[in-house]
Amino acid sequence: MGFNYEFLLVEPIAKTPYPPLGLMKISSMLKDKYKGCSVYTQIGIGRPEGLNNPFQIWITSLFTWDNKHVIECIKFYSRTYPKSEIRVGGIGVSLIEDELEIGSNVNIHKGLYLDAEFYSPDYTATFGRKLNTSISLTSRGCKRGCGFCSVGSLEPKFFVRDNWEKDINTDLRYITMWDNNFLQSPNFEKDCLSLASFNKTVDFNQGIDARLYDTYKAELLSKIKLNPIRFAFDKVEHEKPLIDAISLVRKHSNAEIRVYVLYNFDDSPEELYYRINVLNKEGVLAFPMRYRSPLDKGTLMPGPKWNKFVLRGFNLSLLFYYKKGLIKKSRDAFVKIYGNSESEFVEKLYSIYRYDKSIKRK
Ligand code: SF4
């Protein structure tokens with residue numbers, strides 16, 4: 001007669017539409033290693049119904065500025081289940097570990113957890129989310145080493161994941177791929193054909209590298225029902241490859257094009273205007289993404305070429321921007337919010353900031 005092990009998987013705070021992939025894989029690993037075990041899931045602090053005596057408690061982490069919730073969970077579960085071994089991992093604790101109080105039964109893991117890496121996600125462990133997409137990745141790491149990106153420290157070696165196809169749950173309608181840089185993969189051609197064979201809509205939601213996108217890759221990618229197609233426009237110097245990539249996409253597919261636009265890193269507000277203006281003229285959707293240092297504890301920390309007024313003004317402007325459907329068709333709406341030039345843009349951000357201040361004073 002086997003012993004019925006119990007395990008608890010904890011997501012300290014749920015801020016994204018996707019369940020924690022690491023814990024979904026760990027769930028499959030535990031069910032494989034401890035046949036007949038029971039795996040419970042919990043968001044934040046709580047005692048799942050039916051759980052008595054967990055053998056291990058696995059706690060994940062995501063944004064470093066949410067590590068306080070991870071610490072609360074470690075404390076709560078150490079107190080509640082003093083005999084259980086607690087294992088903590090994920091991005092948040094991998095980037096900043098020092099502030100965690102580590103008790104004797106708490107084990108911190110930094111970086112990828114390779115023991116579970118090659119397991120498929122357990123699609124029953126969705127932490128209460130209704131999931132309509134499979135999640136997978138054909139590769140880990142990225143060879144570019146952009147200064148603002150944590151992939152280099154989390155996944156320092158680029159490697160391919162053979163057999164990623166088994167991650168796909170054919171009952172789910174979509175496929176979401178989390179490759180950091182699919183176009184760097186030596187298996188690119190083979191994996192494109194595999195993905196195409198599922199005949200489902202696929203989203204590489206970390207983006208496709210416009211600087212590596214060429215006619216050959218566009219033709220192969222066009223075999224997949226890719227929608228949307230996402231690129232990034234992190235620096236003004238990347239304009240040419242990005243514009244070339246956008247016209248190639250338009251030749252090969254009808255997919256909606258979305259472009260992540262990083263700001264508040266080493267760019268200036270004027271450079272941000274330049275990039276979102278280029279995209280607006282091209283008629284593609286720009287998704288501004290604010291750089292936030294892993295050390296940012298929750299305040300709006302301005303980058304070296306920003307200040308808190310302009311940054312706050314831009315954040316407030318995004319409320320209008322998103323409300324207007326991200327302004328892709330109408331130049332007028334874009335110009336009304338952001339102006340006709342870099343200097344008008346900055347002036348508008350100051351006025352938005354001042355206006356917001358004045359309403360708060362009333
Ligand atoms: S290309 Fe993307 S994944 Fe690679 S280092 Fe740069 S931002 Fe990170």
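This is a predicted model: local features need pLDDT of at least 70, side-chain atom pairs count only at pLDDT 80 or more; totals for chains, interfaces and linings use all residues.
How many residues does helix H9 have, and how far does helix H9 reach from its first C-alpha to its last?

Residues are numbered from 1 along each chain as its sequence is written.

The protein chain has twelve helices and 14 strands; helices (H or I, at least four residues) and strands (E, at least two) are DSSP runs, numbered from the N terminus. Buried residues are 35% of the 362. Buried means that 20 or more other C-beta atoms lie within 10 Å of a residue's own, exposed means 12 or fewer, and partly exposed is in between, with C-beta atoms placed from the backbone.

Next, the domains. An automatic or database domain assignment supplies the bounds: domain 1 is 6-115, domain 2 is 132-225 and domain 3 is 256-362. Between domain 1 and domain 2, the C-alpha centres are 27 Å apart. Seven residues from domain 1 and six residues from domain 2 make the contact, where contact means C-beta atoms, placed from the backbone, within 7 Å. On the domain 1 side, helix H3 (residues 91-95) gives the largest share, three residues.

Now back to helix H9, residues 269-282. Helix H9 has 14 residues and reaches 20 Å, close to the 20 Å expected; the expected span is 1.5 Å times one less than the number of residues. Its buried residues include Leu272, Tyr273, Ile276 and Leu279. Just after H9 comes Gly283, with a positive phi of about 75°.

Asn264 sits in the loop between strand S13 (257-263) and H9, and is buried, with 26 other C-beta atoms within 10 Å. Asn199 sits in the loop between helix H6 (188-197) and strand S10 (201-204), and is exposed, with 10 such atoms within 10 Å.

Last, a peptide bond. Asn227 and Pro228 are joined in cis, with omega about -5°. Pro228 belongs to the loop between strand S11 (225-226) and strand S12 (229-232).

Methods. Two residues are in contact if their C-beta atoms, placed from the backbone, lie within 7 Å.
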